[in-house]
Amino acid sequence: MTLPVVFALLSLFCWVSFYFILCNVNRSRSSEWNCRLVTLVHGILAVCITTYIGYVDGPWPFTHPGTKNTPLQMGALLVSLGYFFFDMAWCVYFRTEGPVMLAHHTMSILGILLTLWLGESGIEGCAVLFGSEITNPLLQARWFLKQTGHYRTVLGDIVDISFVLLFVVMRIFVGGTMLYCELISPRPRFFIKCGGVAMYALSWVFMVDIVRFAIRKSKSWHKEARDQQEPVTANGYELKKD
């Protein structure tokens with residue numbers, strides 16, 4: 001286990017260094033701006049690596065859960081382990097996230113540590129990492145659009161719709177299928193299955209918030225459409241809006 005510990009510390013060092021480099025380069029931006037850039041890079045990197053693992057390097061997570069970890073799977077998990085340690089510490093220090101997100105990071109860290117310690121179920125860990133991070137770039141894009149004043153545009157609507165649809169498909173439907181395959185397979189350890197149930201339950205907690213957001217967004221769209229259709233009047237006479 002000495003080598004994985006060294007690589008985990010190296011991963012943490014790289015993410016912390018990347019953050020401070022961004023802070024030095026983007027001095028006019030806030031700490032959260034630079035942290036979200038780190039989060040965006042990690043999300044893209046994690047999705048790319050785990051996509052290659054799932055579709056090219058293998059094995060297929062739906063049919064081979066509980067198999068021995070491969071070097072590439074361990075590498076992907078260690079890269080994300082360092083990031084989650086960094087982001088967890090950043091969120092606690094700046095107090096920017098609530099208990100749900102902190103619980104997500106805690107379970108992610110514990111799940112990766114357990115997978116590395118057992119030496120198996122790395123493919124499920126990579127699948128969960130893929131499903132968790134696939135929506136991350138859209139979430140960060142939404143925040144950056146808000147900060148730059150471009151959120152209330154067509155692009156902002158596209159990002160919101162894409163995020164909601166992708167979350168429902170990947171975290172609820174695909175994630176539910178993955179959990180079912182995990183539970184019925186005799187290979188994965190009991191603790192790994194418990195971790196899978198916990199992560200899926202957390203997805204539903206996020207889903208409740210997303211449904212509330214979607215309802216508010218839908219009402220906002222209907223209100224804007226209704227306001228545009230209503231004629232503007234002055235002294236009893238209808239005026240042109242243009």
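Throughout these legends, buried means under 20% relative accessible area, exposed means over 50%, and partly exposed lies in between (1.4 Å probe, protein chains only). The model is predicted, so to speak of local features a pLDDT of at least 70 is needed, side-chain atom pairs count only at pLDDT 80 or more, and totals for chains, interfaces and linings use all residues. Residues are numbered from 1 along each chain as its sequence is written, and side-chain values use heavy atoms, with hydrogens and water left out.**View 1. Leu-3 and its neighbours make a nonpolar surface patch.** Start with Leu-3, which is found in helix H1 (residues 2-25); helices here are DSSP runs (H or I, at least four residues; strands are E, at least two), numbered from the N terminus. Leu-3 is exposed, with a relative accessible area of 56%. Together with Val-6, Phe-7, Leu-10 and Phe-13, Leu-3 forms a patch with about 520 Å² of accessible area. Such patches are made of residues with over 30% relative accessible area and no salt bridge, like charges being joined within 9 Å and nonpolar side chains (Val, Leu, Ile, Met, Phe, Trp, Tyr) within 5 Å. The areas come from the Shrake-Rupley method with a 1.4 Å probe, and for residues only the protein chains shown count as cover.

**View 1. Helix H1 also has buried residues.** Which residues of H1 are buried? They are Pro-4, Ala-8, Ser-11, Trp-15, Tyr-19 and Leu-22. Their cover includes H2 and H3, where contact means heavy atoms within 4.5 Å. The end C-alpha atoms of H1 are 35 Å apart, which agrees with the 34 Å that its 24 residues should span at 1.5 Å a residue. The expected span is 1.5 Å times one less than the number of residues in the helix.

**View 2. Val-38, Leu-81 and Phe-86 belong to the largest nonpolar core.** A nonpolar core is a set of buried Ala, Val, Leu, Ile, Met, Phe, Trp, Tyr and Cys residues joined through side-chain atoms within 4.5 Å. This core has 24 residues, and Val-38, Leu-81 and Phe-86 touch the most other members. Two or more residues come from each of H1, helix H2 (31-57), helix H3 (71-94), helix H4 (99-118) and helix H5 (122-133). The most come from H3, which gives 10 residues. Leaving aside residues up to four places away in sequence, Val-38 touches Trp-15, Phe-18, Tyr-19, Leu-22, Tyr-83 and Phe-86. Apart from this core lies another, of 15 residues, among them Val-159, Tyr-200, Ile-210 and Phe-213. In soluble globular proteins, nonpolar side chains tend to be buried together.

View 3. Is Arg-95 buried or exposed? With a relative accessible area of 75%, Arg-95 is exposed. Ser-121 counts as buried, at 1% relative accessibility.

**View 4. Arg-142, Asp-157, Asp-160 and Lys-217 are linked in a network of salt bridges.** A salt bridge is a side-chain nitrogen of Lys or Arg within 4 Å of a carboxyl oxygen of Asp or Glu, and the whole structure has seven. Asp-160 and Arg-142 form one of them, with the closest N and O atoms 2.9 Å apart. Asp-160 lies in helix H7 (residues 154-184) and Arg-142 in helix H6 (residues 136-147), so this pair ties together parts that are 18 residues apart in sequence. Asp-160 is buried, with a relative accessible area of 2%. Asp-157 and Lys-217 meet in a salt bridge too, at 3.6 Å from N to O. Here Asp-157 in helix H7 is linked to Lys-217 in helix H8 (residues 190-229), 60 residues apart. Asp-157 is partly exposed at 24%, whereas Lys-217 is buried at 14%.

View 5. Asp-209 counts as partly exposed, at 38% relative accessibility.
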